[in-house]
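Hi everyone, thanks for making time today.

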Amino acid sequence: MVATTLFWTSLFSLAAASPVLKPRVVQSRSSAPQGFINLGAANSSQTLNLRIALASRNISGLETALLDVSTPSSANYGKHLTKEQVNAYVAPSVEALAAVQSWLSSNNVTAASSGAAGDWLTVTIPVAKANALLAANYQTFQHLDSGKSYARTLSYSLPAEVAPHIDDIHPSTTFNKPASARPVLSVPQASKAVSSSASTAASCATTVTPSCLQSLYNIPTTPATESSNNIAVAGFIDQFAQKSDLKTFLTSFRTDLSSSTTFALQTLDGGENTQNAADAGTEAAQQLDIQYTVGVATNVPITFVSVGEDNQDGDLGGFLDIVNFVSAEDSIPQVMTTSYGDDESDISIPLANKLCNAYMALGARGTSILFASGDGGVAGTRSTSCTVFGPTFPADCPYLTAVGSVHGTSPETASDFSSGGFSNYFGTPAYQSAAVSQYLSLLGDTNKGLFNTSGRGYPDVSAQGENVQIVSGGSTEGVDGTSCSSPIFASVIGLINDQLIAAGKSPLGFLNPWLYANADALNDVTTGSNPGCGTEGFPAKAGWDPVTGLGTPNFTALKAAAGL
Ligand SMILES: *[C@@H]1O[C@H](CO)[C@@H](O)[C@H](O)[C@H]1NC(C)=O
Ligand SMILES: *[C@@H]1O[C@H](CO)[C@@H](O)[C@H](O)[C@H]1NC(C)=O
Ligand SMILES: *[C@@H]1O[C@H](CO)[C@@H](O)[C@H](O)[C@H]1NC(C)=O
Ligand SMILES: *[C@@H]1O[C@H](CO)[C@@H](O)[C@H](O)[C@H]1NC(C)=O
Ligand SMILES: *[C@@H]1O[C@H](CO)[C@@H](O)[C@H](O)[C@H]1NC(C)=O
């Protein structure tokens, strides 16, 4: 006892004598990930926009609240939180904010508050100042595939008095790929002729159109009625949604709808939606997302949220900015779908947690967040050789719904590119633990050592994602990817929400506890696998699997599961 007291006393006097405690390293990595090369010290006068993620007051309390309103058996099911209630959990404590601001001002650094709950600070300082402030060594790293260069540091330090109050600082040790290098879609395929018979369920096996999806998944064609309902489609990297292509698409594939049916636009970070054919974007990602929401979720209001490249450093900043942008709104979309992702291992654990918690916060307010699971099978987004499987993020965040891909109709079969597996950052959440352990016991020793058996398993669900017909630049083409599957599943949820709202009920909100409790409402997919890293990947099996999740939507059954 005496020795312990003495130890703390002398530490205290040491601290009192020298006001600056020795900073300690809070984040580090031994090298940049595969695909980046180090070009040497960053220009010391180059400015960095540093985002400081402040520790939230009560994230575990928010998680409890989220599960309470999202679990069908709970008395509070559907009683989503208000913005103020959520912000009370997410905001930093008064002490945290004061400690960090005092540290910054003692270093002559001015910070601006951001984030819906004030849980982010942003500072703009030269590299030399950042190196001194954070005992960092910002260097220029080039991403070889895209040629883009970024300032990153392999480690940084914080003084002990602020370290507990800061979750992470970005950019620092996170090496996410530049947005334009993220594989969104497989290479578009040469278009196959689409006949009017494309309205049968079986025709989805050759060409996927809104009509065949309506037959295959029992999706209603009758127009939704509720104007307060909304599906937000996230757009990045100057991929524009062309209104003229949407009109052509509706004229060809939804002859029962007005061809002038359109979408609303929101922009941030200098985002725009230029209606110039030359700017449509080569990957056609936004034509797809918009055409398979407007064209499937009949008459549900759709908002295209275009995130520009200002303040983003071409990277993960776009994900942070859009979730903060939407969270700041008083009226949030009931569904949000995103077709982009990164390798989990390229992102620091605290930054992945911070972003995942932002999805938790939006889910607690009643938004169903859907992400495409990725198009690299078990290899994730890595093109280079891999020795272990590479989970994709944000798809593997446990507070959102990840959507994989299938093809064919009798039976529907997993697409070989459909990413899925197990997170190394997030543990298996309770809502899926029975489903995951059943799969692991069916799997036996297959892929042993290549994945984390205690991680969050993803995807959660799937939908058609091969030879999906879109109109891009005026012509029809077929595209493949989980980017097709996410907007299709989002449309199903948007239509169920329409009926819930019309009946005076709450929208579905965070879907997973409801989905895993109603697995029978999905069409189980039991064939196919997602090869990668020199393996056959994970095989689809009866029940949940990490290729197709619980399966594809059956609108009739999901509607009944929603109490309609
Ligand atoms: C470093 O950046 C400053 C400010 O952007 C610029 O004026 C200078 O030319 C750069 N130096 C080098 C060596 O690139
Ligand atoms: C965190 O939130 C939970 C759930 O609302 C609550 O029970 C708990 O007291 C809160 N903890 C703190 C430290 O505020
Ligand atoms: C902050 O600015 C003051 C006044 O210009 C200066 O004396 C002090 O050295 C600066 N401190 C730091 C840490 O840069
Ligand atoms: C496996 O996942 C668990 C749960 O998220 C995590 O604690 C552990 O560090 C992971 N193991 C590896 C080797 O990444
Ligand atoms: C969809 O669900 C309905 C109602 O539960 C059921 O009758 C039908 O057979 C299901 N369709 C498929 C393809 O499983």
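Let me begin with Cys484: at 0% relative accessibility, this residue counts as buried, since the cut-off for buried is under 20%. Do keep in mind that we're looking at a predicted model.

Now to the bonded cysteines. How many disulfides does the structure hold? There are three. As a quick reminder, a disulfide is a covalent bond between the sulfur atoms of two cysteines.

Let's start with Cys204, which is joined to Cys212 with an S to S distance of 2.0 Å. The angle about that S-S bond is 95°, and the link is right-handed. Both Cys204 and Cys212 are buried.

Next up are Cys356 and Cys397, with their sulfur atoms 2.0 Å apart. Here the torsion about the S-S bond is about 85°, so this disulfide is right-handed. Cys356 sits in helix H10, and Cys397 in the loop between strands E16 and E17, so the bond ties together parts that are 41 residues apart in sequence. Cys356 is buried, and Cys397 is buried too.

That leaves Cys386 and Cys533, joined at 2.1 Å from S to S. Cys386 is in the loop between strands E15 and E16, while Cys533 is in the loop between E24 and E25, so to speak distant parts of the chain, 147 residues apart. Again, both Cys386 and Cys533 are buried.

Finally, if you count the bonded cysteines along the chain, the pattern is 1-2, 3-5, 4-6.

Terms used
Residues numbered from 1 in each chain as written. Chains lettered and ligands numbered in written order. Predicted model: local features only at pLDDT ≥ 70, side-chain atom pairs only at ≥ 80, totals over all residues. Heavy atoms only, no water. Disulfide = S-S within 2.5 Å. Buried < 20%, exposed > 50% of the residue type's maximum accessible area, 1.4 Å probe, protein only. Helix = DSSP H or I, 4+ residues; strand = E, 2+ residues; numbered from the N terminus.
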